[in-house]
Amino acid sequence: MRTHSLEESKGHVVNENLSPISSPSRVWTDIDLDAVGRFEGYFRVPHSTHDSCYGWIPIPFVSLKSRDDGPRVLLMAGNHGDEYEGQVMLHKLARSLELEDVLGQVIILPAANYPAVRAGRRTSPVDGGNMNRMFPGDPSGSPTQVIAHFIETVLVARADYVFDFHSGGSSSEYLPLAHVIDDGNPARSKRAREILEVFAMPISVIVEGLGDGGQGRLFGACQRAGDVVHMSTELGGGGTVSIDPLARAERGLARLLHHVGAVQRPLTEEAAPPTVFYRRPPARDFIYALWAGIFEPYVKLGDLVSAGQAAGAIHDPTAPWRPPHPVSFSDTGMVLSRRVPARVEIGDCLMNLGVPE
Ligand SMILES: [Zn+2]
């Protein structure tokens, strides 16, 4: 039985019954996730360090619950700490969403991997963890593993819908898009397509398989939990906040919450604008650097390219008299993302493609 100081929860709603969440997770909170009402506070990840022997890492969240039988939605950002559009969107929603509008439960988690968010990095500076490759996590592992395990076993386990807002991050930028991973189940594919049409980013992508089968990602957690609907995004990126994608995603999320029955009225007047569907086939869609140097792209985001076409060239700053190394596309499609830093090492991803449906 842990001890607890009311002082440390000052400013937050405190549940008098301070028992930890009933799961093998060591993450705890003084907020009862089953309680009806609006609650703000922290999931607390035990982290004993030289500077803080009994310390914890805070994962801020807001829970809005009106009743037991409505849809349960988990909204996440900060899975990668340097992807900012989703974080800002969820900050704004956490302040604006009214309990009276909620028909089930909405849990808002804008800084899922808080150490990475605080550092403005994709990965956690505490343990190097890339959370979206660490599911199902480990309750006895490093902080990122502990957080991933908590999200999977406690938050995803109690959700019907999981929407996870990513962007390109510091090292890449994307055309604004939303995507689902096609697991081959026709009913789920149909439902996922409807969700993409309602969220209505300019581009919707059906991802046809991932290198690791997606099992290390939040998508894998949703699959293991059963019939949890998962959607993710790439809302710009480049280590900044992209204005237009953010505004479009805010309206899309307002529509989406109404579409899944989580709120009782549309939170936007805007009807869903058109979205164009692309498929991202496995294996051939990523273009990589095979040499170190300075990458000069020949194409822009949104350009249509064909197999064999030159994508760019890598210049060698140690031998400027040598011709640059050519990079070419191995597939036909549209350029969905590009690397932002010009300096590249062998193995860096330069671009990826989508194929129009
Ligand atoms: Zn991400």
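What you are looking at is a predicted model. Let me start with confidence. Mean pLDDT for the protein is 91, with 92% of the residues at 70 or more. The exception I want to flag is residues 1-22, where pLDDT stays under 50. The model does have 22 contacts beyond four places in sequence for that stretch.

Now the overall shape. The protein has six helices and 18 strands. Its radius of gyration is 21 Å, close to the 21 Å from the globule rule for 357 residues, so the protein is as compact as a globular protein of that length. Along the principal axes, the C-alpha atoms fill a box of roughly 70 × 50 × 35 Å. Of the 357 residues, 45% count as buried. As for contacts, take those between residues at least 6 apart in sequence: 67% of them join residues at least 24 apart.

Next, the domains. The division is into domain 1, residues 6-280, and domain 2, residues 286-356. Their centres, taken over C-alpha atoms, are separated by 32 Å. How many residues of each domain are in contact with the other? The count is 14 residues of domain 1 with 12 residues of domain 2. On the domain 1 side, β6 (172-174) and β10 (276-280) each supply at least two of the residues that touch domain 2. By type, that side divides into five nonpolar, five polar and four charged residues.

Strand β10 pairs with β8 (residues 203-207) in the parallel sense, over five bridges. R279 has V355 in β18 as its bridge partner.

Which strands does β9 pair with? One is β5 (residues 161-165), parallel, over four bridges. In that pairing D164 stands opposite S232. Another is β7 (residues 177-181), antiparallel, over three bridges. There, L177 has E234 of β9 as its bridge partner.

Over to the open sheet of four strands, in the order β15-β14-β12-β17, with antiparallel pairing. At the edges stand β15 (325-328) and β17 (343-344); each has a single partner strand, so one side of each is left without a neighbour in the sheet. Inside the order, β12 (residues 293-297) and β14 (residues 310-315) pair over four antiparallel bridges. P297 stands opposite G312 of β14.

Why does V305 count as buried? Because 20 other C-beta atoms lie within 10 Å of its own, and 20 is where the cut-off for buried begins. Leaving out residues up to four places away in sequence, V305 touches V299, F329, T332, G333 and V335. Take F329 as one of these: V305 and F329 are 24 residues apart along the chain, and their C-alpha atoms are separated by 7.6 Å.

The other two are backbone points. As background, most residues other than glycine have a negative phi, and most peptide bonds are trans.

A200 has phi near 55°, a positive value in a residue other than glycine. A200 is located in the loop between α4 (186-199) and β8.

Lastly, the peptide bond joining F135 and P136 is cis, with omega about 10°. P136 lies in the loop between α2 (114-119) and α3 (143-155).

That is what I have; questions are welcome.

Methods. Residues are numbered from 1 along each chain as its sequence is written. This is a predicted model: local features need pLDDT of at least 70, side-chain atom pairs count only at pLDDT 80 or more; totals for chains, interfaces and linings use all residues. A residue is buried if 20 or more other C-beta atoms lie within 10 Å of its own, exposed if 12 or fewer, and partly exposed in between; C-beta atoms are placed from the backbone. Two residues are in contact if their C-beta atoms, placed from the backbone, lie within 7 Å. The radius of gyration is taken over C-alpha atoms; the globule rule is 2.2 Å times the number of residues to the power 0.38. Domain bounds come from an automatic or database domain assignment. Ala, Val, Leu, Ile, Met, Phe, Trp, Tyr, Cys and Pro count as nonpolar, Asp, Glu, Lys and Arg as charged, and the others, Gly among them, as polar. Two strands pair if DSSP finds at least two bridges between them. pLDDT is the predictor's confidence in each residue, from 0 to 100.
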